Amino acid sequence: MALADDKGNSIIVDAVSNHAAERIARAVCVELGCQISSADTVMRGDQLADGLVPATLTLAERLGAAVREARAAHTDPVLAARAMLSGTHLLTGKVIDVSRRTQGGFARGSARIEGIGEDAGRVLELGFQNEHLLATRDGETVATTPDLICVLDTDTGDPVTTEGLRYGLRVSVLAAPCDPRWTTPGGLALAGPRYFGYDVDYLPFRES
């Protein structure tokens, strides 16, 4: 793995395992100001089909186009994103609390979203570590990693990252299914909720 920052520092990591490489890279990232670039997971062309989830860049392009076209047509960009992702609605509301800290190379924390409109009276809690990993609504787990938990600006459909969450934002939260390979035993060992320290099992995606 090659690591570099914007000041010209660079490091080559030759680690004994993927887990060790990640630990080293995150420690380096913290020391270099919490932002670095990396090049890793080098593979041959004939390994791509087995090693990567296909068509993710195409999906990203189509998703952006769907949101852009919905805005231009003055229709709901969140609904457009939901349809493109084959997702489900978790809650629309206002961010009322955010707790965030940097630990071990992760932006770790949680957020509370109070429902508005049809979701009035409901509360959604998000757990995140750089990405949104766990969603609990009214005390019940409704979505977990490796499925996607997407927080969107309700008016524009723009994504709201874990770093961008702040009090008062009006957001819509969606869940979308991950590639089936992530729900295999090996996939869940790498990206399931217990890997990130949450005391819950993977909740299979439920469309509504």
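## A look around the chain

Phe 196 is buried, with a relative accessible area of 18%; buried means under 20%, exposed means over 50% and partly exposed is in between, using a 1.4 Å probe and protein chains only. Before going on, note that this is a predicted model, where local features need pLDDT of at least 70, side-chain atom pairs count only at pLDDT 80 or more, and totals for chains, interfaces and linings use all residues. Residues are numbered from 1 along each chain as its sequence is written, and side-chain values use heavy atoms, with hydrogens and water left out.

A pair of aromatic rings is described by the distance of the centres and the angle of the planes. Rings of Phe, Tyr and Trp (its six-membered ring) pair if their centres lie within 6.5 Å; planes under 30 degrees apart count as stacked, over 60 as edge-to-face and the rest as tilted. That rule gives 1 aromatic pair. The ring centres of Tyr 195 and Phe 196 are 5.1 Å apart and the planes sit at 90 degrees, so this pair is edge-to-face. Tyr 195 counts as partly exposed, at 34% relative accessibility.

Now the whole chain. It has 5 helices and 10 strands; helices (H or I, at least four residues) and strands (E, at least two) are DSSP runs, numbered from the N terminus. The C-alpha trace spans about 55 × 35 × 35 Å along its principal axes. For 208 residues, a compact globule would have a radius of gyration near 17 Å, and the chain's 18 Å agrees with that. The radius is taken over C-alpha atoms, and the globule rule is 2.2 Å times the number of residues to the power 0.38. Buried residues make up 36% of the 208 residues.

Which strands form a hairpin with 2 residues between them? They are S7 and S8, and Asp 138 in the turn has a positive phi of about 50 degrees. Strand S7 (residues 131-137) and S8 run antiparallel, joined by 4 bridges; two strands pair if DSSP finds at least two bridges between them. Ala 135 has Ala 143 in S8 as its bridge partner. The loop between S8 and strand S9 (148-153) holds Pro 146, which is joined to Thr 145 by a cis peptide bond with omega of about 10 degrees.

Strand S8 (140-144) also turns up in a pocket: along with strand S4 (88-103), each supplies at least two residues of the lining of the second largest pocket. A pocket is an open set of points on a 1 Å grid over the protein atoms alone, where a 1.4 Å probe fits, with protein on both sides within 12 Å along at least five of seven lines; lining residues have an atom within 4 Å of a point. This pocket has a volume of about 170 Å³, a volume being the space filled by probe spheres set on the points. Of its 15 lining residues, the closest to the centre are Thr 88, Leu 90, Arg 137, Val 142 and Arg 206.
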